[in-house]
Amino acid sequence: MRPVTTLPAIRVASSGAREADLAATHLANELSHEHLGCVLFFCSAEFDLQRLGPALQQAFDGVRVCGCTSAGEITPEGYGRGCITAIGFDRRYFAIDCALIQALDSFTLQDAQAVIDGLLNTCRDAGLAPVKGNTFAITLLDGLSSREELVLATLNSALGTIPQFGGSAGDDERLANTHVFFDGEFHTGAATVMLVNTPLDFRVFSTHHMVERQEKLVVTDACPSSRTVYELNAEPAAEAYARAVGVPVDTLDRKTFALRPLGVKIGGHYFVRSIQRVNPDGSLTFYCAIETGIVMTSMEPEGLLDSVREQIERAEQSVGPPLITIGCDCFLRRLEAELTGEVEGVSEFLRHHRVIGFNTYGEQFDGMHINQTFTGVVIGQPDACTDFV
């Protein structure tokens, strides 16, 4: 058998071109090769999405393309804005299939099982590696659907022991329209599931850097379906929250929400519940599930970069030199980095550790919808160069 030139198991690229056809062409020029099996991308909502969708489909004709809009991008050069960043997977190392979920409100366990079974069949047919221990799932959801918890819990039951992570699509902090991409079109009120099977070592992880304070707030009146809290400690929610974090209620804004979120203790661990906005009636709308009766704790940041460094370096010790890290980084973490002057240092760290991904409206990890975390997967490099025929 005649050896032929090998190609990287993964290629990455980004484009700052704002014209859809030009951006798609830029990505295709960098990512395309004869073994390209799948493309995953994250893009600014500032693009003309009606043009970008067909442009990407045409540029990667015959290749599965999935992705979503973002609240900021993580490119090969670190943090980006107003651009598109993408990963091209070599099918000799990765067996990947993707599915679209549209009816989020009525998504059942039977639906989830059918979706996962179909994706697993594709991975098994490729014959790259056994499913067990060699497969993970990436989920992308409409970040304004308020249905992440339902869909993720249902999918997690169908996935079983297969690890899962992902992020909620953003729209450059406009909070108006967020989209996932599948089969040449951007969709709202929808989700995508990507199943990745590979013989390469990987580690899925999630981390946050918030620590608890003493202030406790009980949700005494809430609407779970809209994630809106009307009362905390039997007081108007915004007033009670402002008092707990020590600021005037009329100064509450996204900066306060980024630096002083609330958390819920589950199984001995705190999970952040980030505030999206203050409403005219003094209620608070959250990015994550909320319900009457839960106890919330005031949180504050401690070492934004330290927790990410610890998780990624620990994963790299396990899988070896990183081929890539796919990262879902909450947009409020990026805002905090900008407010504290750490953004350049964080961006350089992401570049150095080969992180590609996006800033999200919420992160997803093993069936949970969480906030203000850095969640992702570190994939190790192949052990040695292999000749293919």
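Student: In which crossing, left-handed or right-handed, does helix 3 pass helix 4?

Tutor: This is a predicted model, and in it helix 3 passes helix 4 in a right-handed crossing.

Student: At what angle do helix 3 and helix 4 pack, and how far apart are their axes?

Tutor: Helix 3 covers residues 109-126 and helix 4 covers residues 148-159. The two pack at an angle of about 55 degrees, and their axes are 8 Å apart.

Student: Which residues make the contact?

Tutor: Helix 3 contributes Leu-109, Ala-112, Gln-113 and Ile-116. Helix 4 contributes Thr-154, Leu-155, Ser-157, Ala-158 and Leu-159. Sorted by class, this contact has six nonpolar and three polar residues, with no charged ones.

Student: How many aromatic pairs does the count give?

Tutor: Two rings pair if their centres lie within 6.5 Å. The count comes to twelve aromatic pairs. One of them joins Phe-136 and Phe-165, with 6.2 Å from centre to centre and 35 degrees between the planes, and this pair is tilted.

Student: Where in the chain do Phe-136 and Phe-165 lie?

Tutor: Phe-136 is in strand 8 (residues 135-141), and Phe-165 is in strand 9 (residues 164-168). They are 29 residues apart, so the pair links distant parts of the chain.

Student: Which residues does UniProt list for the FIST C-domain?

Tutor: The unreviewed UniProt entry lists residues 237-367 for this domain. In the model, that span is 39% helix and 32% strand, and its end C-alpha atoms lie 28 Å apart.

Notes. Residues numbered from 1 in each chain as written. Predicted model: local features only at pLDDT ≥ 70, side-chain atom pairs only at ≥ 80, totals over all residues. Heavy atoms only, no water. Axes fitted to C-alpha atoms, helices over the stretch in contact; angles between N-to-C directions. Helix = DSSP H or I, 4+ residues; strand = E, 2+ residues; numbered from the N terminus. Left-handed = near helix turned anticlockwise from the far one by under 90°. Contact = heavy atoms within 4.5 Å. Nonpolar A, V, L, I, M, F, W, Y, C, P; charged D, E, K, R; others polar. UniProt positions renumbered as here; feature names shortened; annotations may be inferred. Phe/Tyr/Trp six-rings, centres within 6.5 Å; stacked < 30°, edge-to-face > 60°.
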